[in-house]
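Dear colleague,

I am handing over the structure we spoke about, and below it you will find my notes on what was found in it. Please read them with the model open beside you.

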Amino acid sequence: TALTCVLHCFPCEPSWADRPFLLRSRAVSPATATMTRSKTFQAYLPNCHRTYSCIHCRAHLANHDELISKSFQGSQGRAYLFNSVVNVGCGPAEERVLLTGLHAVADIYCENCKTTLGWKYEHAFESSQKYKEGKFIIELAHMIKDNGWD
């Protein structure tokens, strides 16, 4: 989980050592809440792991370890499915007919620059799609890879 990652990687993140931390978890389950700096972004993911960031403002969005699938389709092209994300706000849920059927989804946006990134699956009406509930889609058009992707 992201919390395990933060606790494991804390020693390799000396730039965090002299800054105060806050525990915040918006759009993240309690098990994946991370320690964060209180400036700029709500949550910072450890620099010692591969991460995805907002292409528009570089706010951290997700740890590569939270990636479920790269084979999703967003409204603007390819998209990735994640277990959890950070620095993301949720709009109201609404029913939409997607490629895989009827779902209740809520648009998600970057908390820093307010760009719509994708959506959160709130409810799947077909039993074969239940695994998506509570998961997040981020479109590749709004994401950039950071840290250790050499």
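Arg78 is found in strand β6, which covers residues 77-82. Before I go further, please keep in mind that this is a predicted model. Arg78 belongs, together with Arg50, Lys70 and Lys145, to a patch of positive charge on the surface.

Of the 150 residues of the chain, 47% count as buried.

The part I would look at next is the hairpin formed by β3 and β4, which has five residues between its two strands. These strands run antiparallel and are joined by three bridges, and within this pairing Tyr52 has Ala62 in β4 as its bridge partner. Arg58 is found in the loop between β3 and β4, and its phi is near 70°, a positive value in a residue other than glycine. This deserves a remark, because most residues other than glycine have a negative phi.

Arg58 also takes part in a salt bridge, in which its side chain meets that of Asp146 at 2.4 Å, taken from N to O. The pair links distant parts of the chain, since Arg58 lies in the loop between β3 (51-54) and β4 (60-63), whereas Asp146 lies in strand β11 (residues 143-146), 88 residues apart. How do the two partners compare in relative accessibility, buried or partly exposed? Arg58, at 43%, counts as partly exposed, while Asp146, at 11%, counts as buried because it falls under the 20% limit.

In total the structure holds five salt bridges, and two further ones are described here. Arg96 forms a salt bridge with Asp107, with the closest N and O atoms 2.7 Å apart. This pair, too, links distant parts of the chain, with Arg96 in strand β7 (residues 88-98) and Asp107 in strand β8 (residues 101-110), 11 residues apart. Asp107 is partly exposed, its relative accessible area being 30%. Salt bridges that share partners join Glu94, Arg96 and Asp107 into one network.

Lys114 forms a salt bridge with Glu111, and here the closest N and O atoms are 3.4 Å apart. Glu111 has a relative accessibility of 16%, so it counts as buried, the limit being 20%. Lys114 itself is found in the loop between β8 and β9 (116-124), and its phi is near 70°, which is again a positive value in a residue other than glycine.

If you go through the model in the viewer, two places bring several of these points together. One is Arg58, which has a positive phi of about 70° in the turn of the hairpin and whose side chain meets that of Asp146 in a salt bridge. The other is Lys114, where a positive phi near 70° is found in a residue that forms a salt bridge with Glu111.

Key: Residues are numbered from 1 along each chain as its sequence is written. This is a predicted model: local features need pLDDT of at least 70, side-chain atom pairs count only at pLDDT 80 or more; totals for chains, interfaces and linings use all residues. Side-chain values use heavy atoms; hydrogens and water are left out. A salt bridge is a side-chain nitrogen of Lys or Arg within 4 Å of a carboxyl oxygen of Asp or Glu. Helices (H or I, at least four residues) and strands (E, at least two) are DSSP runs, numbered from the N terminus. Buried means under 20% relative accessible area, exposed over 50%, partly exposed in between (1.4 Å probe, protein chains only). Patches are made of residues with over 30% relative accessible area and no salt bridge: like charges are joined within 9 Å, nonpolar side chains (Val, Leu, Ile, Met, Phe, Trp, Tyr) within 5 Å. Accessible areas come from the Shrake-Rupley method with a 1.4 Å probe; for residues, only the protein chains shown count as cover. Lys and Arg count as positive and Asp and Glu as negative; His and the chain ends are not counted. The place of a charge is taken as NZ of Lys, CZ of Arg, CG of Asp or CD of Glu. Two strands pair if DSSP finds at least two bridges between them.
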